[in-house]
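Subject: Structure for your review

Dear colleague,

Please find the structure below, followed by an account of what was found in it. I would be grateful if you could read the two side by side.

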Amino acid sequence: EEAEKGGFPHFMLKEIHQQPHAIADTFAGRLAAGTLQQELGIGTDEARAIRRIDMIACGTSWHSALIGRRLFEEFAGIPASAEIASEYRYRPRPTEEGTYALAITQSGETADTIAALRATREAGARTGAICNVVGSTVAREADGVLYTRAGPEISVASTKAFTTQVTALLLMALTLGRLRGRLDPARAGQLSEALVKAPEKIAGLLGRMAAPLQALAREKANSNDFLYLGRGYGYPLALEGALKLKEISYIHAEGYPSGELKHGPIALISKGLPVVAIAPNDSLRDKVLSNLEEVKARDGTVIAVGTEGDADLASLADHAVWIPPVEPAIVPLYASLPLQLFAYFMAVERGCDVDQPRNLAKSVTVE
Ligand code: G6P
């Protein structure tokens, strides 16, 4: 097992560091027109006939679905929903012509996801899957599958599966956007280029961030509550950051869309409460910053993930990690890294079993 960890103390840390390669593998050979359609088995007319996309997933994969929702709506103009499989499978819903059901699952064996996918098939939806494990149940049962090619993920807490799912979703959204005439080739080219540049930049970022995040974890190791806030693409990241912390360090953490702060979580803020804010330089950044002013006014401690050079955020934040300026849609590939690393170092500081957290399973094959 030590050899399999490739010199890292835990699989989770190894898998965090594999992300630049894993992301590159996910988009390799898939940016050219037509390739993705072929893999998914969707003809051009079928792609144009999609009226809505229902994504079905659990856990971290559901957070990818939330990002996918925005990607499909923004770049392909297709109404999309991110459905929690255990809810969706029992929800009475009218079948709608043109529904494309997309299961997102690392293992392809999550019982709720399998059942929800079967239910949508029976209701007449065309189905697809974004999946990591080749030949898994979901991969076999869906009409088409886009493999994430992340390689085996051993750590229970998902890291590279998440960023490769997001990559696959972006590829799908760009493809559908082009086919449906929603995305002009120049804009699609810009986004593809930003994606192609990501692995190298992410590798650099991982190198730079590890030591400061470890130091921060040392400082915060005794905090028992965390709030994570984000908006737009940052909202699913807030959920994912909070989930990572819960899963492996057993610290209570809530992820919220920051616009909801005023509807409840603001009551939780008291002196020193750590608030992790995903506040990259996108169209919603000003709104997140005004939420952070509310946090500071109540003496909360702001830990920010922002864009390099953001002086306003730097002056608001007690601690900050900086990502390079990138396309908002690509930000999740960058901003998820400090959240993963922070959760990892917190778990290590607290002496938790990082790769095998209590009560959790890598793949939940029973209902
Ligand atoms: C379990 C794992 C999570 C994972 C979820 C969905 O809860 O601990 O890390 O996100 O299942 O798994 P899937 O294989 O369907 O992506």
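A residue is called buried here if 20 or more other C-beta atoms lie within 10 Å of its own, exposed if 12 or fewer do, and partly exposed in between, with C-beta atoms placed from the backbone. By that rule Asp299 is exposed, because 11 other C-beta atoms lie within 10 Å.

Please note that this is a predicted model, in which local features need pLDDT of at least 70 and side-chain atom pairs count only at pLDDT 80 or more, while totals for chains, interfaces and linings use all residues. Residues are numbered from 1 along each chain as its sequence is written. Helices (H or I, at least four residues) and strands (E, at least two) are DSSP runs, numbered from the N terminus.

Sheet 2-1-3-4-5

An open sheet of five strands has the order 2-1-3-4-5, with parallel pairing; two strands pair if DSSP finds at least two bridges between them. Strand 2 (80–84) and strand 5 (144–147) are the edge strands, each pairing on one side only. On average, neighbouring strands of this sheet are turned by 20° against each other, direction ignored. For this and the later angles, axes are lines fitted to C-alpha atoms, for helices over the stretch in contact, and angles run from 0 to 180 degrees between N-to-C directions.

Four bridges link strand 4 (residues 126–131) and strand 5 in the parallel sense, and Ile130 stands opposite Leu146 in strand 5. Two helices are to be mentioned with this sheet. Helix 5 lies across strand 1 (52–57), strand 2 and strand 3 (99–105), and runs at about 170° to strand 2. Helix 9 packs on the sheet and touches strand 3, strand 4 and strand 5, its direction making about 140° with that of strand 4. Contact between two residues means that their C-beta atoms, placed from the backbone, lie within 7 Å.

The ligand

The ligand is surrounded by 15 residues, of which Gly59, Thr60, Thr105, Ser107 and Thr110 are the closest. A residue is near a molecule if its C-beta atom, placed from the backbone, lies within 6 Å of it. Helix 5 (residues 59–76) gives the largest share of this shell, three residues.

Sheet 7-6-8-9-10

Another open sheet of five strands has the order 7-6-8-9-10, with parallel pairing. Its edge strands are strand 7 and strand 10 (319–323), and each pairs on one side only. The twist averages 15° from one strand to the next.

Strand 6 (residues 225–230) is largely enclosed by the rest of the structure, because five of its six residues are buried. Strand 6 and strand 7 pair in the parallel sense over six bridges, and the bridge partner of Phe226 in strand 7 is Ala253. Strand 6 is also joined to strand 8 by three bridges, the two running parallel; there Tyr228 stands opposite Val276.

Helix 10 (residues 185–220) lies across strand 8 (274–279) and strand 10, at about 165° to strand 10. Helix 14 (residues 331–349) lies across strand 8, strand 9 and strand 10, at about 145° to strand 10.

Helix 2

Helix 2 (residues 19–27) is largely enclosed by the rest of the structure, because seven of its nine residues are buried. Its cover includes helix 1 (11–17), helix 9 (160–179), helix 10 and helix 14. Gly29 follows helix 2 and has a positive phi, near 70°.

Individual loop residues

Asp299 is in the loop between helix 12 (285–297) and strand 9 (301–307). Its phi is near 70°, a positive value in a residue other than glycine. Tyr250, in the loop between helix 11 (234–249) and strand 7 (252–257), likewise has a positive phi, near 60°. Tyr250 counts as partly exposed, because it has 16 C-beta neighbours inside 10 Å.

Val326 lies in the loop between strand 10 and helix 14. With 21 C-beta neighbours inside 10 Å, Val326 counts as buried. Not counting residues up to four places away in sequence, Val326 touches Ala194, Val331 and Tyr334.

With kind regards
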